Amino acid sequence: NVLEQMTGTKKSAQKEGGVLAFHGYQSFAPNEVTPQMAHAIGIELAQKMWGDDFEVIVTTHLDKKHFHNHFVINSVSWTTH
């Protein structure tokens, strides 16, 4: 669903070529946060950085001793193209 939404934005902006998306991450020290806190902080950071202008997916990974978030940000704004 996210891929369809992001590619739909790019298609409506007539910007289907080039960079598909950007990737970022955020890490926490071991035992610094709970999984729920890590995800909530990731959502808050995404909102502050990209607001309502860009589609962003936030995934929280718990497979390491340090919890971390990954951000995939559409390279095209759905509000301004």
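Me: How many aromatic pairs does the structure hold?

Reply: One. A quick word first: this is a predicted model, where local features need pLDDT of at least 70, side-chain atom pairs count only at pLDDT 80 or more, and totals for chains, interfaces and linings use all residues. Residues are numbered from 1 along each chain as its sequence is written, and side-chain values use heavy atoms, with hydrogens and water left out.

Me: Why are W50 and F71 called an aromatic pair, and what makes the pair tilted?

Reply: Rings of Phe, Tyr and Trp (its six-membered ring) pair if their centres lie within 6.5 Å; planes under 30 degrees apart are stacked, over 60 edge-to-face, and the rest tilted. W50 and F71 are 5.8 Å apart centre to centre, with 50° between the planes, so they pair and count as tilted.

Me: Which parts does the pair tie together?

Reply: W50 lies in helix α2 (residues 35-50) and F71 in strand β3 (residues 68-74), parts 21 residues apart in sequence. Helices (H or I, at least four residues) and strands (E, at least two) are DSSP runs, numbered from the N terminus.

Me: How do you know whether F71 is buried or exposed?

Reply: Buried means under 20% relative accessible area, exposed over 50%, and partly exposed in between (1.4 Å probe, protein chains only). F71 has 2%, so it is buried.
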